[in-house]
Structures are given as C-alpha cells and as structure tokens.
Amino acid sequence: VALVVGGLVMDFRTKDLLCAGAKRHVMFVVEVVAMLFETAIFVYLGVFIFTESYEWHVPQIVLGVAAAVLGRAVMLAPAVALINSCWAARARAAHAEALVGDAASRGSADHDVRTVDERRSGAAAA
C-alpha cells in the first residue's frame with residue numbers, strides 16, 4: 001500500500017519538478033521496484049501453497065476473498081471520483097483560460113470569462 005501511495009505522490013509531483021530525462025529515470029526505477037515486489041509476492045505464494053502443513057479452510061478463504069473485493073471497492077471508488085474531479089477542474093480552468101486568451105487576442109472589449117458550465121446553464125435557461 002505504501003508503494004502505491006508513494007507512486008501516486010511521485011506521479012503528481014514529478015510532472016512539475018523534474019525534467020524529461022529525470023522523469024524517465026524515476027519511472028524506470030519505480031517499474032523495476034514494482035516488478036521485484038510482484039515477483040517476491042508470487043514466489044512467497046508459490047512456496048506457501050505447496051507446503052505440506054497447509055490446510056484449506058473454506059470459510060476463511062471466502063472471508064478473505066470477500067474482504068479483498070470489498071476493500072478494493074471501498075478504496076477505489078472514492079479515489080477514482082477524487083482524481084476525476086481534480087482532472088475535470090483542471091480541464092475547465094485550462095479551457096476558461098484559453099477562452100479568455102482567445103477573446104483578448106481578437107481585441108474584443110467584452111471578454112466572456114464565464115466557464116463552459118456557466119454558459120451552458122445560461123443557454124439552457126433561455
């Protein structure tokens with residue numbers, strides 16, 4: 001979990017702070033570390049499953065799978081909603097900035113600095 005959170009933080013921070021070459025090197029190191037961790041997990045699971053002292057407990061297996069699926073759903077849905085809202089806000093701000101810049105380049109005295117959503121709601125009301 002810490003590796004995933006660290007990767008997300010690095011992804012958001014490196015876009016602004018690192019040059020293209022440094023970003024490429026950081027991403028390579030992150031991919032190598034992720035591959036090593038995945039390999040270690042699968043080796044551990046493979047060794048653990050084939051030990052002789054292992055006993056299957058069906059209720060425990062069902063509970064574990066259900067907890068994993070429920071935990072993923074509980075964590076993933078809010079995270080995706082948060083990320084999508086951040087990206088949508090960024091896109092709206094960039095689009096509004098482009099509209100203001102376009103109006104200023106035409107030399108019009110009355111710049112329409114409203115966002116796309118404000119103009120759409122005004123058009124729907126009319």
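By class, eight nonpolar, one polar and two charged residues make up the lining of the second largest pocket. The model under analysis is predicted, and this pocket has a volume of about 190 Å³. Eleven residues line the second largest pocket, and those closest to its centre are Gly7, Leu8, Asp11, Met27 and Val30. Two helices, H1 and H2 (20–49), each supply at least two residues of this lining. The largest share, six residues, comes from H1.

The largest pocket has a volume of about 410 Å³. The elements that give two or more residues to its lining are helix H1 (2–17) and helix H3 (58–106). Val1, Val4, Val5 and Leu8 belong to the lining of the largest pocket, together with Arg72, Met75, Leu76, Ala79, Val80, Ile83 and Asn84. Helix H3 gives the most to this lining, with seven residues. The composition by class is nine nonpolar residues, one polar residue and one charged residue. Leu8 is named in the lining of the largest pocket, and Leu8 is also listed among the residues closest to the centre of the second largest pocket. Helix H1 likewise contributes at least two residues to the second largest pocket and two or more to the largest pocket.

With regard to the overall architecture, the protein comprises four helices and zero strands. Read from the N terminus, the order of elements is α-α-α-α. Of the 126 residues of the protein, 3% count as buried. The protein exposes about 10,500 Å², of which carbon and sulfur atoms supply 71%.

Part of the surface forms a nonpolar patch of about 1,200 Å². The residues that make this patch are Ile41, Phe42, Tyr44, Leu45, Phe48, Ile49, Phe50, Trp56, Ile61, Val65 and Val69. Helices H2 and H3 each supply at least two of the patch residues, and the largest share, six residues, is provided by H2. Ile61, one of the patch residues, lies in helix H3. Ile61 has a relative accessible area of 35% and is therefore classed as partly exposed, since that class lies between the limits of 20% for buried and 50% for exposed residues.

Key
Residues numbered from 1 in each chain as written. Predicted model: local features only at pLDDT ≥ 70, side-chain atom pairs only at ≥ 80, totals over all residues. Heavy atoms only, no water. 1 Å grid on protein atoms, 1.4 Å probe; cavity = no way out; pocket = protein on both sides within 12 Å on 5 of 7 lines; lining within 4 Å. Points joined across faces, edges and corners; volume = space filled by probe spheres on them. Nonpolar A, V, L, I, M, F, W, Y, C, P; charged D, E, K, R; others polar. Buried < 20%, exposed > 50% of the residue type's maximum accessible area, 1.4 Å probe, protein only. Areas by Shrake-Rupley, 256 points an atom, 1.4 Å probe, with all protein chains shown as cover. Patch = residues over 30% accessible without salt bridge, like charges linked within 9 Å, V, L, I, M, F, W, Y side chains within 5 Å. Salt bridge = Lys/Arg side-chain N within 4 Å of Asp/Glu carboxyl O.
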